[in-house]
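The sequence and coordinates come first.

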Amino acid sequence: MRSRSSLLGRSGFWIAVALLTVVFVAPLLWMLSTSLKTNPDATRQPPSWIPDPFTTSGYQPLTNLTSQTPVVRWFLNSILAASGNAALIVVTAALAAYALARLDFPGKRFFFGLIVGTLFIPAFLFLVPNYLIIAKFGWLDSLWALILPSAGGAFGVFFLRQVFLSLPRELEEAALLDGANQFQIFTRVVVPLARPALATLIVLSFLTNWNDFLWPVYVLFSPSNFTLPAGLSILQGAYTTNYPVIMAGAVVASVPVIVLFIAAQRHVVESVARSGLKG
Amino acid sequence: MAAVSSGVERPVESEPEVLSAGHRIARHGKATPYLFLAPFLVLFAVFIVAPAVYGIWISLHDYDFLLPNKPWVGLANYQDLFSPGGRDAGDFWQAMKATGIFTVLSVPLLMVVPLAVALLLNRSFPGRTFFRAVFFTPYVLGVAVVGLLWRYLLDPNIGLVNSYLDQLGIHRNLPWTTDLPWAWVSLVGMTVWWTLGFNAIIYLAGLQDIPPDLYEAAEVDGAGRWQQFLHVTLPGLRPVLLFVLTVTILNSANMFGQSFLVTKGAPGNETRTAIMLIAETGMRSFRMGTAAAMSYVLAVVLLLVSLLNFRLFRIRGESS
C-alpha cells in the first residue's frame, strides 16, 4: 500500500506544487511583461509572454511630475507615510510594551486590558469618527492623516510585550546594579536583544501602511498628495486602455514590498504563523 | 531604531533610588512607567478610544459634515436602517447582502484550499521555504495592485483569462466584471489567490505543533491516511481552525478594494459591499450619522457571528 502510493503520491505531489506555482507566479509575470510592452502588443490575441518590441515606454508617463498622475510623487509620498508610520509605531509601542512587560505601577492591568480589548474592535468602526478627528486637526489631504491614526493601534504593543516578557532578566539586573536607569536599560539592553522583533514590527507596519487603500482614497484629495495605492485607481481612470502604463504603475507599487518581503521573509512568515497560534 | 538608541548618554544620577543587594527596592521612580506609556497612550486615546466613543455619539445625530447644525436624533438613524421605507434601508441591506454573499462564498474556500496547500507544504522536500514564499507573495501586495492586475486579467475582450478559455474552445467574452454570477466568481477567485498564503502559513504552523507520535500511534492502530487526517490532524488543528475561521470572516466582512476596483459594485449595486456603502455614505456624501449607524449595525452582526463560531467550536470540542 505504502510503496505503491508513494511513487504515485510523489509525482502527484510535484504536479500539484508545479500547478500552484504557475497559478501564483503567472499573474505577476504577466504584470511585469505587460509593463514592458507597447499597448498594441499588450492587447494582441493570442497573448504573448515576451514583449515584442521590448520597451520601457510604459514607465515614462509615470515620471512626469506635472501630469495628473505623478507616480514618482506618489512613490515618495508612500515611502514617507509608510516609514513615518512604521517609525512612530515601533518607538511608541516599544516604550509602552517595556512598561507593561517590566515595570510595576498602579493601573498596569487596567491599561493592558484596555489596550488588548481594542484589538477586537473591527477597524471600520473607526472610519467615520477618525475622518472627523483628522478633519478637526486640519490634517485631511496630508500625510499626517496616514502616519498618525494607525499608530494608535494595539497590535505593536501586544506583540512587543510578548517578546519583552520572553527576554532573560539577568542582563537588566546587571545593568541596574551598574547604576543604569530604566531608560538606559531599555535602550542599551532590551532594544538590542529584541532587534529581530523590532525589525519584524517595522516591516509589518511598513507593509500594512504601504498597501493601505480605503483610508488614503477617502482622506486624500489632491493628486499630488496621493500614495501609490490611492493613485493607482486614478491611473486606471486616466489610462483606461493603456495597459502597459497601468501595469507599470502596479509594478512600481509592488517592487518595494516584494523586496522588503524577500529580505525579511523568515521573520514575517514566522510572526504571521505565531499570531495564528494565539487564537 | 537608531533614533531610540542614540542620545542615551545621560548622567546616571537621574535615577533616584539606591540599590542594595538582597532588599526589594523600587527600581524606578513613580512617574517612569507612565513616561514610557505616554507617547503611545496619546495616540491610543486620540485615534482608538476617542473614535470608539465618538462614533456612537455621531450615530445618534443627523451628522452632515458640511452643515453647521448636527441635531440630536436619538436612534432615528438606526430606525431608518430597519424600517422598510427608510431612506437608506434598501441600499444598506443590499450592501449587507453583498457582503454576506461574498463571505459565504469565500470563507469555505479560504478554509479548505489553504489547508490543502498547508498539508502539501508540511512534507519535507527540497525548496519548501521557497514555495512557501511563492504562495505567500500575493498577500504582501496591496489590494490596489491585486485589483488592477485582476481587472486586466479578467477583461472580457483582451484579458488573459478569456483568451485562454477561448483557446481551450470554451465560450469566450465571459463578463467577468459586469454580470452575475461571473462578478462573484471573479471577486472570490481573486481574493482566494490574494490571501490563500496567509491562512496556509497559519495552518502550517498549527500542523507542525501536532506531535508526530500521534500519527505513529494511529498508524499502529491501522488508520489510513484519510483516517489519520480525520482523527489526528483535524482535532489537533481545532484552535487554529477557529482562529482562521474568525479572521477570515472578519476580513471578508471588510471587503472593499476588490469591488471598488474590479466590479465597481456592478452589475447595478449587486457587488457593492457594506464597507463600500459606509465609506461612500460617510466620506463622499458626508452623511456621517447614517454611516456611523451602519458601521455599528455591521459590527453587531459580526459580533453575533463570532460568538456563534466560538459556541459551535466549543460544542464540537466537548463532544469529541
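A:Asp141 sits in the loop that joins helix H5 (127–137) to helix H6 (144–147) of chain A. The model is a predicted one. A:Asp141 has a positive phi, about 60°, although A:Asp141 is not a glycine. Most residues other than glycine have a negative phi, and most peptide bonds are trans.

| Peptide bond | Form | Omega |
|---|---|---|
| A:Gln45 to A:Pro46 | cis | near -10° |
| B:Leu180 to B:Pro181 | cis | near 0° |

Both prolines are placed in loops between helices. A:Pro46 belongs to the loop between helix H2 (39–42) and helix H3 (71–102) of chain A. B:Pro181 is in the loop between helix H7 (160–167) and helix H8 (182–208) of chain B.

The next topic is the interface. Chain A contributes 105 residues to the contact and chain B contributes 100 residues. About 9,500 Å² is buried between chain B and chain A, and carbon and sulfur atoms account for 77% of that area. On the side of chain B that touches chain A, helix H2 (residues 32–59) of chain B gives the most, with 19 residues. That side of chain B consists of 69 nonpolar, 16 polar and 15 charged residues.

Polar pairing across the interface was also counted. Between chain B and chain A there are 13 residue pairs in polar contact, with both residues at pLDDT 80 or more. The rule for salt bridges finds 0 across the interface of chain B and chain A.

Which residues form a nonpolar patch on the surface? The patch consists of A:Phe110, A:Leu114, B:Val49 and B:Val53, which together have about 350 Å² of accessible area. Helix H4 (108–117) of chain A and H2 of chain B each supply at least two residues of this nonpolar patch. A:Phe110 is one of the residues in helix H4 of chain A.

A:Phe112 also lies in helix H4 of chain A. Leaving aside residues up to four places away in sequence, A:Phe112 touches A:Leu100, A:Phe158 and A:Arg161. A:Phe112 and A:Ile234 are 122 residues apart along the chain, and their C-alpha atoms are separated by 42 Å.

Technical notes: Residues are numbered from 1 along each chain as its sequence is written. Chains are lettered from A and ligands numbered from 1 in the order in which they are written. This is a predicted model: local features need pLDDT of at least 70, side-chain atom pairs count only at pLDDT 80 or more; totals for chains, interfaces and linings use all residues. Side-chain values use heavy atoms; hydrogens and water are left out. Contact means heavy atoms within 4.5 Å. Buried area is the accessible area (1.4 Å probe) that two parts lose on being put together, summed over both. A salt bridge is a side-chain nitrogen of Lys or Arg within 4 Å of a carboxyl oxygen of Asp or Glu. A polar contact is a pair of N or O atoms within 3.5 Å; within protein, one must be able to donate a hydrogen and the other to accept it, and residues adjacent in sequence count only if both atoms are side-chain atoms. Helices (H or I, at least four residues) and strands (E, at least two) are DSSP runs, numbered from the N terminus. Ala, Val, Leu, Ile, Met, Phe, Trp, Tyr, Cys and Pro count as nonpolar, Asp, Glu, Lys and Arg as charged, and the others, Gly among them, as polar. Patches are made of residues with over 30% relative accessible area and no salt bridge: like charges are joined within 9 Å, nonpolar side chains (Val, Leu, Ile, Met, Phe, Trp, Tyr) within 5 Å. Accessible areas come from the Shrake-Rupley method with a 1.4 Å probe; for residues, only the protein chains shown count as cover.
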